[in-house]
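Open the model in your viewer and keep the selection panel at hand. The stops below each give a selection and what to look for there.

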Amino acid sequence: KSLISLKAKEANLYGSLRTFKGDLNTLDISGNNLEGDLDFLADQTSLVELSVASNRFRGAFPSLQSNKQLQKLDFSNNYLSGNLPSFSYLSKLEVLRGKGNSFVGSVPHLYGNDALIELDLSYNKLDDASLVPDLPNLALCYLNFNSFECSLSKGVISNCQASCITTDTSTSESLRIRIEGNVNEFNEKVFKRNVANITSASEQRFEILQVSSGSVIIDLKIYPPLTNPSTEGSSKRL
């Protein structure tokens, strides 16, 4: 009879796990002194609950895309680093905890994770939360104590206790945008208002230098934040 559940929480385990036999539904090895990488999870395909929290694991967090039934995932309080993988393929995921590591880059996009109730990626080194959608069932969200670059959506700030900084408050940027439509029907005021809303920036920071046909081509200049410090993004980030 094959093993389907292994619970060894706070069992005073030491060392590393290189291979792991058995296709488990539940694996809880939290609160030990295990180290090394998490490559031993690669062979698992049936996990519903997984906790490797509060150990000494290092390296990248592996993809768990074969575990379509996963509902609870906790890898918090380790020494994990690098970029987080996407979790969008885990449509049944309800709890995602990865706080207290050294992850960098973006909060992974969570489109497809509508079942998510709790998200905790606090106390990392993440710098981008632009891919965090409005999740209908999310009740607990913690993204505080990261290194987010402004701007952040109002939802991320109010619901996830996140804050941000703007590292460049002096540089302007120019870009060309092409959109479908008729140049004769293009409304500059509406366009600037929409861009400001999308980027959570002041409308005064945008100047339309030129509008030309084919379909509608807009040459746009973006000025630095109007105040320093600012919660608006830098011109380059916008």
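Start by selecting cysteine 141 and cysteine 160: a disulfide joins them, with 2.0 Å from S to S. This is a predicted model. The torsion about the S-S bond of cysteine 141 and cysteine 160 is about 95 degrees, so this disulfide is right-handed. Cysteine 141 sits in strand E13 and cysteine 160 in helix H1, so that the bond links distant parts of the chain, 19 residues apart. Cysteine 141 counts as buried because its relative accessible area is 4%, under the 20% limit. Cysteine 160 is buried as well, at 3%.

A search of the whole structure finds two disulfides. For the other, select cysteine 150 and cysteine 164, whose sulfur atoms are 2.1 Å apart. The link of cysteine 150 and cysteine 164 is right-handed, with 95 degrees about the S-S bond. Cysteine 150 is in the loop between E13 and H1, and cysteine 164 is in the loop between H1 and strand E14 (173–179), 14 residues apart. Cysteine 150 is buried at 0% relative accessibility, and cysteine 164 is buried at 17%. Counting bonded cysteines along the chain, the disulfides follow the pattern 1-3, 2-4.

Next, show the aromatic side chains. How many aromatic pairs does a search of the whole structure find? The search finds seven. One of them is phenylalanine 61 with phenylalanine 87, a tilted pair at 6.3 Å centre to centre and 50 degrees between the planes. Phenylalanine 61 lies in the loop between strand E6 (56–59) and E7, while phenylalanine 87 lies in the loop between strand E8 (79–83) and strand E9 (95–97), so the pair ties together parts that are 26 residues apart in sequence. Both phenylalanine 61 and phenylalanine 87 are buried.

Now select tyrosine 123 and phenylalanine 145, an aromatic pair that is stacked, with 4.4 Å centre to centre and 10 degrees between the planes. Tyrosine 123 is in the loop between strand E11 (118–120) and strand E12 (125–128), and phenylalanine 145 is in the loop between strand E13 (140–142) and helix H1 (154–160); the two are 22 residues apart.

Then select arginine 58 and tyrosine 79, where the arginine lies over the face of the tyrosine, 4.6 Å from the ring centre.

Move to aspartate 74 in strand E7 (residues 72–74). Aspartate 74 is buried, at 9% relative accessible area. Its side chain makes a polar contact of 2.6 Å with the side chain of serine 76. Leaving aside residues up to four places away in sequence, aspartate 74 touches Leu50, Ser51, Val52, Ala53 and Arg97.

The last stop is leucine 135, in the loop between E12 and E13. Leucine 135 is buried, with 10% relative accessibility. With residues up to four places away in sequence not counted, leucine 135 touches Leu110, Asn113, Asp114 and Leu116.

Definitions and conventions:
Residues numbered from 1 in each chain as written. Predicted model: local features only at pLDDT ≥ 70, side-chain atom pairs only at ≥ 80, totals over all residues. Heavy atoms only, no water. Helix = DSSP H or I, 4+ residues; strand = E, 2+ residues; numbered from the N terminus. Buried < 20%, exposed > 50% of the residue type's maximum accessible area, 1.4 Å probe, protein only. Polar contact = N/O pair within 3.5 Å; in protein donor to acceptor, adjacent residues only side chain to side chain. Contact = heavy atoms within 4.5 Å. Phe/Tyr/Trp six-rings, centres within 6.5 Å; stacked < 30°, edge-to-face > 60°. Lys NZ or Arg CZ within 6 Å of the ring centre and 35° of its normal. Disulfide = S-S within 2.5 Å.
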